[in-house]
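Here is a quick tour for anyone meeting this protein chain for the first time. Have a look at the sequence and the model, then read on.

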Amino acid sequence: MALVTLLEYLMNNCLRHNIIIGKDIALYDVYIAYYKINSKSYRIYTDRGDHITLDISKFRNFTFDATLYKPTNSIEMIQCLRILEKDIPYNAYIETADGTFIAGFYKIDRINQLK
């Protein structure tokens, strides 16, 4: 799944970024420490001890502000991330089928990489 690939990429590379969930939750300058998956949600844990639950029951699309690609599977996500590594910073948005915002990962780049 493309979302797993994105989370793995952010976590394995210790890339700091901001996470916005809906209109109510904002975490700034964090990296993903680990996550748990079930059929309808992802629980994301950050390096600062925050944990958020991301409802993916209506998830359908990814959008990136730095490219026209909309990855739908892990292979397409890997290809997209390779291209985006050259653009700093970039944002990833998770959306419903009708384009409604679910969550966003903002200011992803190597400059903010945890050393």
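This is a predicted model: local features need pLDDT of at least 70, side-chain atom pairs count only at pLDDT 80 or more; totals for chains, interfaces and linings use all residues.

## A strand covered on both sides

Strand 7 is covered on both of its faces: Tyr 90, Ala 92 and Ile 94 are buried on one side, and Asn 91, Tyr 93 and Glu 95 are buried on the other. Here, buried means under 20% relative accessible area, exposed means over 50%, and partly exposed is in between (1.4 Å probe, protein chains only). That makes six buried residues out of six for this strand, which spans residues 90-95.

Residues are numbered from 1 along each chain as its sequence is written, and side-chain values use heavy atoms, with hydrogens and water left out.

The table gives its pairings.

| Pair | Sense and bridges |
|---|---|
| Strand 6 (residues 61-64) and strand 7 | antiparallel, four bridges |
| Strand 7 and strand 8 | antiparallel, five bridges |

Zooming in, Phe 64 stands opposite Ala 92 of strand 7, and Tyr 93 faces Gly 104 in strand 8. Strands 7 and 8 form a hairpin with five residues between them, and there Gly 99 has a positive phi near 90 degrees.

Most residues other than glycine have a negative phi. Asp 29 belongs to strand 2 (residues 25-30) and is partly exposed, because its relative accessibility is 43%. Lys 107 also has a positive phi, near 55 degrees, and lies in strand 8 (residues 101-108).

Stepping back, the chain holds two helices and eight strands. Helices (H or I, at least four residues) and strands (E, at least two) are DSSP runs, numbered from the N terminus. Along the sequence they come in the order α-β-β-β-β-β-β-α-β-β. Of the 115 residues, 44% are buried. The C-alpha atoms fill a box of roughly 35 × 35 × 25 Å along the principal axes.

Technical notes. Two strands pair if DSSP finds at least two bridges between them.
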